[in-house]
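This report describes parts of one structure for a reader who has not seen it before. Please look at the sequence and the model first.

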Amino acid sequence: HHNRGIALAAQGLFAEAVASHDQAIALKPSFAEAHIDRGHALKGLNRLDETAASYARALALKPDHVDSKYGLANSLSELKQYEEAAEIYRSVLEAMPTAAGVRNNYGLVLRLANRPHEAVDQLKRALHDSHGQPFIAGTLAEALLHAGKSDEALTVLRASAENSQIGRADV
């Protein structure tokens, strides 16, 4: 049932995938991966409260499971529970300290939780770890603006634009 649920979700058949994962969970309630993949399928249906609950259940079964933590943090962020999401992103970063995408999300929820200076610190590190990814530069610039550092935000955006132009010239 679990593998079938994964295949159904890959085809965009999220409701069917949830039902298949539910069957797998009924057979083995302690199967954390079925709860995780159920959460992925529920996210495809935009059922965010249930998505978060599935990831939380998986995390209760496997407390160190990084995918469960990351899924739960993303879900909580979408539910506008920024402080809770920030704590979980921080925990994911303990296991994956150079994961620029995770650190970007962490910085974003810190900004949304009205913690702009912490957000800037995390986003600067994310930008470094990502080797200057433009989407992270944009997130950093926005956080810098919220922290009252408009000159620095402009510098980040200019540098990102220059890096993008250099990359195009190399092709």
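## Thr51 and its surroundings

Apart from neighbours within four places in sequence, Thr51 is in contact with Gly39, Leu42, Lys43 and Ser75; contact means heavy atoms within 4.5 Å. Thr51 lies in helix 4; helices (H or I, at least four residues) are DSSP runs, numbered from the N terminus. Thr51 has a relative accessible area of 0% and is therefore buried, a term for values under 20% (1.4 Å probe, protein chains only).

## Basis of the model

This is a predicted model, in which local features need pLDDT of at least 70 and side-chain atom pairs count only at pLDDT 80 or more, while totals for chains, interfaces and linings use all residues. Residues are numbered from 1 along each chain as its sequence is written, and side-chain values use heavy atoms, with hydrogens and water left out.

## Helix 5

Helix 5 covers residues 66-78, and its 13 residues should span 18 Å at 1.5 Å a residue. The expected span is 1.5 Å times one less than the number of residues. The end C-alpha atoms of helix 5 are 18 Å apart, which agrees.

The buried residues of helix 5 are Ser68, Lys69, Gly71, Leu72, Ala73, Asn74, Ser75, Leu76 and Ser77. They pack against helix 3 (32-44), helix 4 (48-61), helix 6 (82-95) and helix 7 (100-112). Just after helix 5, Lys80 has a positive phi of about 65°.

## Helix 6 against helix 7

The axes of helix 6 and helix 7 are 9 Å apart, and the packing angle is about 155°. Axes are lines fitted to C-alpha atoms, for helices over the stretch in contact, and angles run from 0 to 180 degrees between N-to-C directions. The two helices, helix 6 and helix 7, are therefore roughly antiparallel, the term for angles over 145 degrees.

Tyr82, Ala85, Ala86, Tyr89, Arg90, Val92 and Leu93 of helix 6 make the contact with Val102, Arg103, Asn105, Tyr106, Val109, Leu110 and Leu112 of helix 7. These residues divide into 11 nonpolar, 1 polar and 2 charged. Ala, Val, Leu, Ile, Met, Phe, Trp, Tyr, Cys and Pro count as nonpolar, Asp, Glu, Lys and Arg as charged, and the others, Gly among them, as polar.

## Helix 7 against helix 9

Helix 7 and helix 9 (residues 134-146) cross at roughly 25°, and their axes come within 10 Å. Helix 7 and helix 9 are therefore roughly parallel, which is the term for angles under 35 degrees.

Ala100, Asn104, Leu108 and Arg111 of helix 7 meet Phe135, Ile136, Thr139, Glu142, Ala143 and His146 of helix 9. This contact has 5 nonpolar, 3 polar and 2 charged residues.

Technical notes: Buried < 20%, exposed > 50% of the residue type's maximum accessible area, 1.4 Å probe, protein only. Parallel < 35°, antiparallel > 145°, perpendicular 65-115°, else oblique.
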